[in-house]
Amino acid sequence: MSASQPIDTRAEMLSGALSLASAPPPSTARGVTSDLSIDEALLLHGAGWEPVDLVCGVSVVSVPIGVWNWGQGEITVASAAHNAAVKGASDHLQNECIKVHGHGVVGVRVNVEVHTHHIDVELVGTAIRPLSGGSHPAAPFVSDLSARDFALLQGAGWMPVGLAFGASFAYAPRRSAGDAMKQKTQNIELTNFTEAMYSARESAMERMQRSALDVGGQGVVQVKVTEGPMHFAHHAVGFTAWGTAVRLVAESHQFVQPDVILPLDDAVVTFAAQSLRGA
Amino acid sequence: MSDAATDLPEAAVRRIESTSFSSGLSVPDFAACLDLGLQPVGLVQGFCVMRWGWYGAGSGYMRGMNPYAGAGQGDGAYMETYRCPHGYVSAEHRMWGQNVEQTWVEETWSQGYGSAYTRMLEEATAFGAHGVIGVVDRVTNLADTGTTEFHFLGTAIKVEGGPPPAGGVPWSTYLAGQRLTKSIEAGFMPVSVAASMASVRVWAYCMTEYFMEGSRGWGGPTSPYEVDQVSKAHMASIQLARKHVRQQLSGDLLHGATIEVVKRELSQGDEVIDCTLRGNRMRRFKDFDVVPPPRPTVRLT
């Protein structure tokens, strides 16, 4: 497949159909499973990698009773439970990757559910390995980057090293009875909630960046955040941040130098019925 | 439904014998299909409605109260037993717990899914099709009756000038249009859609019950603690679905897999975790061509 030689897709289709015209010999080979799209598989292959297997990691961590009751400052037990659940799931994922001789996991789907008494974390992705083989790393990388982003990152001289994660839950302090009465008839900022959110954010971001350093990363890309009051405890706010920790492996950053294109097709022009009314 | 031509309703036979075709493809997919040398011959479907009850052989009720009875489970089915660390406390105390693979649920699901799929392929065979593209499947629970409907829909096609598939059984794929074209260009021929379902029942023992309701039990840890039984059950459901689907591959590849995990909490700590995994079983028919390095672009709009 090269740019100068157009592919005769009909001939390829016939070759494919021919390959199914006779029953294949019995095989004991271990089938490869992957949740990558065909585009992602092609891109990965172009970047020198291939999928090995679907891998998963799950951790359910208990949150002791009473921790969401009203208090002051950070809800340290809940924050610790959240971080332990992510760490546990990530470790299980890494172990599965090692078992199938993968060098890393890409496209990890992160699913976190915070319940009153337990926090569930599920990670699912595709383990990959380089086409050239090579020795197995002691700790495979875990990344929630898509195969396209992984190929682009590698082209720029960087590699993912792990999932960086941080979470923090904090109580919104009670207002005094006087403040509550005064604010009842005012349009006013509730500084207790704002301050709680700032406190949770700073702790979560700091933990995320520290976890990136722990896995040998220099920074974190594609950071996602969730924030807001807990649906089962409105006086508590939570902030989570996660992304992929990356490290420069080339001598220096390789500039991608993209081509600038100017599409000549118009933006979508649709018929607007209102124009008939002369409005 | 062994003899497709005679089993089909009269209207279906008339439809199959007509000179027009029907297809579920979008216009771009239809154009890509023609470009690939595929000729649509008809929209094909398969249905099956299944019901499974709680009282079947091997179900929780049949299992009885013996923690070591795996009645109704096939050989090699997943089962883990957990023992209470406290000893006898009371009749209500959960002295043992288990994670059990519900093979009877998985087998019924596979039967329903397989029957609907086979019926779709039988319709395609009646059209003389070589394959079915753009397959869409849907598994729906009908009301609250423990009844599930399996529905398959796809477009039967003939490969212009191509040979019939081995055994006359059409190949099938969820792909259509440019995604199918790219797969063929890359050297992957679709063989069939592949899917599996794994169901794990968690019978919580005392510690799992305590942890899932936030209490610590006697002598339990005071810091956050991983609920081992539930974590393992959840992992097992995904791993089992992967294992079942791999058994269908015979050395081929599964591309574009999607995983869906559904948890149903029955009581504190007790739950059922169902995992469904589906994707395209593909066979490599030529060496993988390396794509030229992609050119990054910035779009001015």
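**Notebook: chains A and B of a predicted model**

Residues are numbered from 1 along each chain as its sequence is written, and chains are lettered from A and ligands numbered from 1 in the order in which they are written.

**Chain A overall.** I listed six helices and nine strands in chain A, taking both as DSSP runs numbered from the N terminus (helices H or I with at least four residues, strands E with at least two). The radius of gyration of chain A is 25 Å, well over the 19 Å of the globule rule for 279 residues, so the chain is more spread out than a compact globule; the radius is taken over C-alpha atoms, and the rule is 2.2 Å times the number of residues to the power 0.38. Along the principal axes, the C-alpha atoms of chain A fill a box of roughly 80 × 70 × 45 Å.

**R247(A).** I found R247(A) in strand β8 of chain A, and with 16 C-beta neighbours inside 10 Å it counts as partly exposed. Leaving aside residues up to four places away in sequence, R247(A) touches W158(A), M159(A), V161(A), G216(A), G217(A) and Q218(A), a contact being two C-beta atoms, placed from the backbone, within 7 Å.

**Positive phi.** Phi of Q257(A) is near 50°; Q257(A) sits in the loop between β8 (233-248) and β9 (259-261) of chain A and counts as exposed, with 7 C-beta neighbours inside 10 Å.

**Helix pair in chain B.** I then turned to helices α3 (residues 27-35) and α6 (residues 177-186) of chain B, whose axes come within 7 Å and cross at roughly 30°; the axes are lines fitted to C-alpha atoms over the stretch in contact, with angles from 0 to 180 degrees between N-to-C directions. α3(B) and α6(B) are therefore roughly parallel to each other (angles under 35 degrees). In this pair, P28(B), D29(B) and A32(B) of α3(B) meet G177(B), Q178(B) and T181(B) of α6(B).

Conventions
This is a predicted model: local features need pLDDT of at least 70, side-chain atom pairs count only at pLDDT 80 or more; totals for chains, interfaces and linings use all residues. Angles under 35 degrees count as roughly parallel, over 145 as roughly antiparallel, 65 to 115 as roughly perpendicular and the rest as oblique. A residue is buried if 20 or more other C-beta atoms lie within 10 Å of its own, exposed if 12 or fewer, and partly exposed in between; C-beta atoms are placed from the backbone.
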